[in-house]
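This report goes through a structure for a reader who has not seen it before. The sequence and model come first, and the description follows.

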Amino acid sequence: MKLNKTNLEKRLLKNKIFYETIKIFSYALLIPLALILFYIIKNGIAYLNLDFFIKMPAPVGETGGGALSAIIGSFLIVGLSGLIAIPLGMLIGVFLAEFKEHKINNLTRLAVETLQGIPSIIYGIVAYAWFVMPFGKFSGISASIALALMMLPMVAKATEESLKMIPYTLKEASYALGANYYTTIKKVILPSCQKGITSGVLIGISRILGETAPLLFTAFGNAFLNFNMAKPINALPLLIYNYASSPYQEWHQIAWASSLFLIIIVLGLSIISKNVIK
Amino acid sequence: MKIMINLTTHKKNQLFIKTLKGAGYLTLIILTLFLFTLIFNSFLSLKTISLSFLFNTNWQPNTGNFGAAPFIIGTLFTSILALLISIPFSLSISIYIGYFLKNKKRKNTLETLMDLLAGIPSVIYGFWGLMVLVPIIIKLQTTLGIIPYGVGILAASLILSLMIIPYSVTLGKDVINLVPTDLVEAAIGLGATPYEVIKHIAIPYSLSGLFAGHLMAFGRAISETMAVTMVIGNRNFIPKSIMDPANTLASVIANEFGEASAPLHISSLIELGLILLIITTIINIIGKIIVKAYTIET
């Protein structure tokens, strides 16, 4: 009897130690996360002022300045990517969900999944080979193509998943009213998938907004204000990368502010996308 | 009049169906072109250097000597180390969220924080690592009496481990949650403690899922570029210890591709990209096969 009791105590003790260890490890992860956010907020907040949005980066040695060219560049590049990836991704998603019997359906799904797993730097290489080598210059367009290809699988998958959720009866009802296939998809199916697709698109945008590797040899960066997508163009992640590797204190401060700005947008988009689904 | 309208909508309908099928074919064309571009552009390197590319330990662009071995070893070194560092954390969180945590609010908070960790752009991880983590490592190296590089395998692995934890947790917490309740309740009914339930029921049951999650996280670590490029030190030699600066497949491309001008140099860098693509694709496919088998099983 006594033996059993000590055995039980031992087991309970083991359990207690196990539970506490798991808890400690789980919450320990919050420390680096808090440290990252703390440093970005602490160093970034002072420079995330009006100047940051309306001024060009200051030359070496001068204090102040902003990230105007990078902000404009980022929005231009991501905007064009969205214009390419959202409609095309939705078409692919509809094809995947609707044409299940088609001979290339499974192959297309495999292609989308493969595309999704390709390392971001490879997109940069391929966009370089397609659009930078033939024209002999870096351009915002090549960066947009690289990012659009990255976003494409996310939009396609989100569309396919949302379409799968729609009950078949909805489609039948639409047919019964005399609508043809095009009208049914456009007026009935897609509107009822709106939430799922929007959330997928928002997540896709927040992903590509912070991507740097595909921009290195496509957008390349530009010290001057540029609205021309056929020329090299600056972007926020590129600015952070270039300024972070520089030895200048002032540039680091702009990079911190850019990081804070980028995190706020990325976080905001993911919060919005979550609320959209609800 | 009415017939005409119907005809135009009919045409529109046909066109729409064609467009949808076209989009499906376009996806295949894009992927094929993608692979073709990589193979075509690394052809020069494939032809001139051939298989010795994989085993040559020298990478000296100025003398025309190209070997991928330092980067393959650098990639495996950092990724395996990152995975090993991340496992205790990712397993703990998977078990904590998937089994213990019943409080919905707290569960949501932890999951949101995981999303946040996954959502931070990699360049920001790199920047933070360079500004905060590297100085700490320099201090550590000075006290240990090693050359204080700061940047290197250790810094890269630490940052990477942080970045990949959310990826293994996403799948891990789900597979632990999927362990059938009757099994768990039967074990509890026999008097098992939570620790025993997890050790003898939950983990064996969800082993393949946990493995797949960590495998995919490992794939992430291999393909991660910016954060690693910024903190690994960019040195083209085989690293001898975790304190050494090194380079990975992805980081050497990020670092040298923009400045490469010799055709063989560019071609060799693209071949590195091809190797990277092959490794990550194989890992992803294995992971997906396991996950698919899993969802059919349950």
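Which residues are buried in H6(A)? They are Ser120(A), Ile121(A), Ile122(A), Tyr123(A), Gly124(A), Ile125(A), Val126(A), Ala127(A), Tyr128(A), Ala129(A), Phe131(A) and Val132(A). A residue is buried if 20 or more other C-beta atoms lie within 10 Å of its own, exposed if 12 or fewer, and partly exposed in between, with C-beta atoms placed from the backbone.

This is a predicted model, in which local features need pLDDT of at least 70 and side-chain atom pairs count only at pLDDT 80 or more, while totals for chains, interfaces and linings use all residues. Residues are numbered from 1 along each chain as its sequence is written, and chains are lettered from A and ligands numbered from 1 in the order in which they are written.

Twelve of the 13 residues of H6(A) are buried, so this helix is largely enclosed by the rest of the structure. Helices (H or I, at least four residues) and strands (E, at least two) are DSSP runs, numbered from the N terminus. From first C-alpha to last, H6(A) reaches 17 Å, close to the expected 18 Å; the expected span is 1.5 Å times one less than the number of residues.

Between the chains, 67 residues of chain A are in contact with 62 residues of chain B, contact being C-beta atoms, placed from the backbone, within 7 Å. On the side of chain A that touches chain B, H1(A) gives the most, with eleven residues. The classes on that side are tabulated here.

| Class | Members | Residues on this side |
|---|---|---|
| Nonpolar | Ala, Val, Leu, Ile, Met, Phe, Trp, Tyr, Cys, Pro | 48 residues |
| Polar | the others, Gly among them | 14 residues |

The largest nonpolar core has 163 residues, and Val155(A), Ile240(A), Ala155(B), Ile159(B), Val231(B) and Ile253(B) touch the most other members. Such a core is a set of buried Ala, Val, Leu, Ile, Met, Phe, Trp, Tyr and Cys residues joined through C-beta atoms within 7 Å. Its largest share, 16 residues, comes from helix H7 (residues 153-177) of chain B. Leaving aside neighbours within four places in sequence, Ile159(B) is in contact with Tyr125(B), Gly129(B), Leu133(B), Ala227(B) and Val231(B).

Chain B has twelve helices and two strands. Of its 298 residues, 45% count as buried. The C-alpha atoms of chain B fill a box of roughly 80 × 65 × 35 Å along the principal axes.

Note on methods. Two residues are in contact if their C-beta atoms, placed from the backbone, lie within 7 Å.
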